[in-house]
Amino acid sequence: MRIVVVLAGALRDYVSNGVDRMEVELPEGATVRELIGALGLQLELVMAVVAGGEKRGKDYRLTAGEEITLIPPVSGG
Amino acid sequence: MNGYAGKILRIDLTSGKTATEPLRPELARDYLGGRGFAAKTLFEEVPKGVEPFSAENIVVIAAGPLSGLFLPGSGKVTFATKSPATGGYGDSNMGGHFAPEIKYAGYDMIVIKGQATEPVVIVIDDDKVSLVSAAKYWGKGALESEAMLKHDLGEEFQIATIGPAGENLVKFACVSHDFGRQSGRTGVAAVLGWKRVKAIAVRGSQTVPVADPQGVLRKGEEMYKICFSKPGFKEWTPEGTAGVTDWVNEVGAFPTKNFETTYFEHHGNINGRALRERILVTDKGCFGCPIPCGKYSRVSFGSKPTHVEGPEYETIALLGGNCLLDSIEKVAYANYVCDELGLDTISGGNVAAFALECFEKGILTEKQVGRKVSFGDLDSVVYLLEKIARREGVGDLLAEGVKTASEKLGGGSQRFAIQVKGLEWSGYESRYSPSMMLSYMTCDVGAHHNRSWAITHDVAVGRESLEGKADKVIELQHIRPLFDALGICRLQWVEIGFELNHYEEIFPLVTGLNYSWQDLLQISERIWNLTRAFWVREVPGFGRTMEYPPARFMEDPIPTGPAKGKYLPKETLDILLDDYYAKRGWDKNGIPTPEKLKELGLAFAICAVSAAHQG
Amino acid sequence: MKLAARHERCSGCRVCQLVCAMHNFLENNPGKSRLKISGEFPVPGRYHVAVCDQCGACAAVCPTGAIVEDDGIAQVVEKDCIGCLACVEACPSGVMMVHPSREAPFKCNNCGKCIELCPREALYDEEKA
C-alpha cells in the first residue's frame, strides 16, 4: 500500500532525499514504527505522529492512501 | 540606519539623568544587535573586576535589527549584565512585545547604570523618559506589579517588572513581562533590584525604517505563508514546548529527582497533552509569532483560581520531574509561585530539588529548614521558593544558587549541585548525550541549553560516539545565538522547519547590508569569542576546570530508565573539550588565542586574555 | 467582504496590525494599523480584537462630509478633514485611528490583508463564513 509521509521540522535533514513530503510503499497492515524504519530514520528521532488530525502512537496501524505527519523532537525554548 | 531605531538610551540612576546618543554604525555593522550589542557594551563599559552588585555594573536591554518588523517571531529582546550568579557574562533572551516597543519608542538599546536612592519605575514614552517612584509597587509580585502599572500608565505600555526575588537580590531572580514571558537566566533581575529598578515601562509610536519597504512587505508575507504551509504548523502549536516532555523521557534525558535519574514515571501526567486538556485557557503568542508556544493556564489550589502562562517544557522538567511534582496542576501552581515571586523556574526548580536532596540526606536539618520537606510535595516546594525569594532562614543560603550553597553546606552536596560556572542546569540531562553535555559545559552563560540544543544530533548519529560532536556544537553555537543578535525567535526554524535562507533574504531588504548567511555566522562567532574573553577577564583562573559538570554526571551511572547505566567520565569529557577548543582556535585551557581574536576583529580583546595565556 | 473576529482564536501576536500598517502605509509600525488588539490579563486571560465593520457611524457624524462611503466602504478624504475627531468619538468599535504623525484620522479600507495573514484564522470574512 502507498502512504503519504510528511516530515515536519528538521526531520527531512535525516532522510536521504532531503524532501519533506513523499510517498512510501509499505506492506498491508504496516505500523508507523515500520514506516519510520523504511525511511531509514532512528525511531527516537520521531517525537509525535499525526494522522487524520489526531495524535497517534508509533504502533498505529496505517491504512492505504493515508497521510501521516512525523514530528521530530522540539527544543524546550 | 535601516532596521534600527537609531538611538541608544542611557540611564544613570545615581544622578537620575538620562541621555540619548546615536547608534554607532560600526556597532551595528560588527555586532548586529541584541546579544551582540550586549556583549560589546559589557566588554567596553563594565570596568574589569567590578562587583555584579555595584553602581559600575550595567544592565543592557537590546533589541535587534529584525525586532519589531513584519516577519515571523520578531519580538525578542536581550537583557544582559555581569551576572551575579556566575560573575561572568550573563544574558537572557525574552519574548513578548518588549523589543518591538523599545524600537517604536526610538531606541535599539537601553543601558542602565548606577543605583537609585529610592525604588523607581523607568517610564519611556517615545522621547520622554522619566524615573517615577516605585513606592507603591515595591514588595509586590512581578505579575501583580505589571497589572498595577498597566492600570496606572495605560494598557498599551509594554512593561518589564521584577518580583520580590529581584528586590531581595536572589541570584536567579528573573525579569517578567506580558504576564508570563521572562528573561529568566543569569540573575539580571537581581542586578535591577540592587539598582532599585522595579519596572521598565515603554510605549512608542514611531516607525522603524527599512531599506526596501516593498521588499520587506513582499518577503514578510511570503515568510508567514511558508510558515503556515509547514507540516508541524498545526501540529506543533497546540502543545508548544511542553510537547517534548514524553520524548525526553523516552530517550532518558529528563531531569528527575535533582538529576539523580533521567526518567520520570509520571511524565504522562505533566506533559503537553495534560496541559492542553486540563488547564489551558488560551494560546498566547509573542509579537509577530505564527506558532504561539505560550499556553495560558488556570489551576485551583486553595481558595481562588490561579492564572499562569505555562508551564512550558523547562518548567515541567525542573519543577515537575526534578522536584517529582506528578501532576500538571501542581507544576502549574509552582510555576505561578515562581512567576509572581520573580524566580527563574529553571534555577528555582534546581535549587528546590537540591534542598530536598540535602534534606533527604541529612545535610540540611528540620531545624535549619524550619519544617520537614520532601520530594513530590507541592507544599514543600512552594515553602522553599517563598523562603528563597524573601531570603528568610535557609532561603538566604539557597538564594545564592546551588554552587555557593553546596560549597557552604559541604557534606558531599557539591557532587549533586547541578550547575556549570554557577548557573543551574536546564531541562536536558546529558549523561547519555555527549554533544548536549558539551553544549552545557561550554555555553557562554553557564549550564543553559539554548545556545546549542544538540540532543537530536546525538540520537541521529549515535549516542556513544564522540566523532564530530564538537563540530556540531560549534555550528549550533553560531546559528542559534545569531537569532538573539537579530532580535528574533528561532522556534520557527527549530520547531516547524522554516528554512534559514529566508532570514538571509530579508536581512538586506531590512538593513540594506549585503551580508550573506556566512557573514552573519561570522558575526555570531565574533560575539561568542567576545563573551569568552569577558569571562577570561572577569573570572580569575577561568578555563577548562570551570567547564566540568558536577561529579554526579561524571561518576554515577544513571540508575533507572532508558539511559540506565550511562555516564560520561571526565576523560571522555576531556576528549570532547580538546576537540572543541582546537576547532574553535582556542588554547588547551580554552582561552581564545590572539590569532583567533585578531581574525574575528577582536584585537582589542587580546590584552584581556593575555594574562590567562601566560598563567 | 465583512471583516469580523473570533476573539477566542486570537493569540495576541499582532501580525494583523503589522501587515495592515505595511500594506497601507508601507511602514513597520503597528501604531499605524486600523485594528486593535487588547489583552485582558492576568484575569481572565483573553484577547479582544476590535475591527471595523464599515457601519458608517463615522461618516454620519462628520461635519464636513470628509468621510465618504463607496461601495459600503467608508474612507477619509484627508483634504476635507478639519481634525475635529467627531468620528473618533462616534466609532462604536474604537477603530477610527489617530497617530501623532498624521493630521487626519484613518480607518479600515477592507483590504483583507489581516485576514490573509492571521496565523490563527481569528480574523475572517463574515460573508464567506
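In this predicted model, 24 residues of chain C are in contact with 33 residues of chain B, where contact means that C-beta atoms, placed from the backbone, lie within 7 Å. Local features need pLDDT of at least 70, side-chain atom pairs count only at pLDDT 80 or more, and totals for chains, interfaces and linings use all residues. Residues are numbered from 1 along each chain as its sequence is written, while chains are lettered from A and ligands numbered from 1 in the order in which they are written.

**Where chain C touches chain B**
- Helix α1 (residues 15-25) of chain C gives the most to this side, with five residues; helices here are DSSP runs of H or I with at least four residues, and strands are runs of E with at least two, numbered from the N terminus.
- The side of chain C that touches chain B has 12 nonpolar, nine polar and three charged residues (Ala, Val, Leu, Ile, Met, Phe, Trp, Tyr, Cys and Pro count as nonpolar, Asp, Glu, Lys and Arg as charged, and the others, Gly among them, as polar).

**Two helices of chain B**
- Meet α18 (residues 434-442) and α25 (residues 570-584) of chain B, whose axes come within 10 Å and cross at roughly 65° (axes are lines fitted to C-alpha atoms, for helices over the stretch in contact, and angles run from 0 to 180 degrees between N-to-C directions).
- Their contact includes M437(B) of α18(B) and Y580(B) of α25(B).
- By class, this contact has seven nonpolar, one polar and no charged residues.

**Two strands of chain A**
- Strands β1 (residues 2-7) and β2 of chain A pair in the antiparallel sense over five bridges (pairing needs at least two DSSP bridges).
- I3(A) has V24(A) in β2(A) as its bridge partner.

Key: Contact = placed C-beta atoms within 7 Å.
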